[in-house]
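Open the model in your viewer and keep the selection tool at hand. The stops below can be taken in order.

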Amino acid sequence: MKKNRTRRSCFTLIEVVVVIIILVTLASIATPLYLNYVKKANVGAATTQIKLLEDALTGFRLDVGSYPETLEGLVDNVDQNEKWDGPYIKPAIPKDPWGNDYVYIYPGEHGDFDLLSYGADGQPGGSGENADITAAALRLWPYIWVYFVVFLAICATPTSLAVSAFRGESPVQKMNNAALGFESWCAQVRYSAMENGTDRIVAFHPEERIFLAVDPEAAQSELAWPSQEEERPPLQWKLPDEFELDSDTLSAEAGEDGSIEVFRFFSDGGANAAREFVLKFRNFERRFQISPLTGLLRQSEGETDAP
């Protein structure tokens, strides 16, 4: 027994309505995007055409010696000038993307000539798509970018300085700067001993928190540490605020003037370290030792957190 089968030969009303709704929705999304794209494309095309016309006008001036009275002079030898070697643009003077003629004024108010398009509305002024597109403005764009970059650099410099001043140095930076400063000062003391041919003692005065390079003979006298009224020797280094020395150094036997010998540089460039010297700042410490052979100051690797 055969069964009759029916086939649908058309869409239902609901299906048609759904398809129409989808198409309308897609159109409502795509149409503004397309129109916006067209607007940008028209502005870009006008910009390109103005640059082409500018190049043609420049070529005309190089041949003839001056700019043409009208744009037609780029296509035809209107003045029958013997130096004319055109056409300088082919096949004809283009219209702007909105179908209007480009405005050419010679001599110009904003340069040798004015060349512009009035935009979509064909009227002076306006904004957006109706804004004027001028050759003078296009010539300024590279300079505007340069000025903008310079402006940002000028603004960024004081801002970065202000941020740095507000944040200040980190503890690690302070420790590194202090260690570098002490190492550089010790190098000067070593060079002074070699230059003068006499030993130099690096001594520390706890009360005044100052390192001083003194002559071994002067260290035994009352003149090792001048009074505050007298001018201090130039080879001295003051321990920065909040920095301290290790307890072993501070508890070492002091001289009659209260100073503690830390290092001694010899006149041949060598040195003798009386003890290991440790510089402390908050939870960081830096250890220093003098190489007896070379007299160079060596630091321990990295910083160590104090318990």
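**Before selecting anything**

This is a predicted model, in which local features need pLDDT of at least 70 and side-chain atom pairs count only at pLDDT 80 or more, while totals for chains, interfaces and linings use all residues. Residues are numbered from 1 along each chain as its sequence is written, and side-chain values use heavy atoms, with hydrogens and water left out.

**Whole protein**

Show the cartoon: the protein has five helices and twelve strands. Helices (H or I, at least four residues) and strands (E, at least two) are DSSP runs, numbered from the N terminus. Switch to the surface, which comes to about 20,600 Å² of accessible area, 56% of it belonging to carbon and sulfur atoms; the areas come from the Shrake-Rupley method with a 1.4 Å probe, and for residues only the protein chains shown count as cover. Of the 307 residues, 29% are buried. Buried means under 20% relative accessible area, exposed over 50%, and partly exposed in between (1.4 Å probe, protein chains only). Among contacts with a separation of 6 or more, 52% are between residues 24 or more positions apart; a contact means heavy atoms within 4.5 Å.

Strand 4 (residues 200–205) pairs with strand 5 in the antiparallel sense over five bridges. Two strands pair if DSSP finds at least two bridges between them. H205 has I210 in strand 5 as its bridge partner. Four residues lie between the strands of this hairpin, where R209 takes a positive phi near 55°.

Which way do its side chains point? I210, L212 and V214 point one way, and F211 and A213 the other. In a regular strand the side chains alternate between the two faces of the sheet.

W237 in strand 6 stands opposite F211.

**Select S192**

S192 sits in helix 3 (residues 171–196). Is it buried or exposed? S192 is buried, because its relative accessible area is 10%. Leaving aside residues up to four places away in sequence, S192 touches R200 and L235.

Strand 1 meets strand 2 (residues 114–117) over three antiparallel bridges, and I105 stands opposite D114 of strand 2.

**Select T58 and Y88**

T58 belongs to helix 1 (residues 13–64). With a relative accessible area of 31%, T58 is partly exposed. Draw a distance to Y88, 30 residues away along the chain: the two C-alpha atoms are separated by 9.4 Å.

**Last stop: F60, Y67, P68, E69 and D79**

The second largest pocket holds about 170 Å³ of space. Of its 14 lining residues, F60, Y67, P68, E69 and D79 are the closest to its centre. On a 1 Å grid over the protein atoms alone, a pocket is an open set of points where a 1.4 Å probe fits, with protein on both sides within 12 Å along at least five of seven lines; lining residues have an atom within 4 Å of a point.

Technical notes:
Grid points are joined across faces, edges and corners, and a volume is the space filled by probe spheres set on the points.
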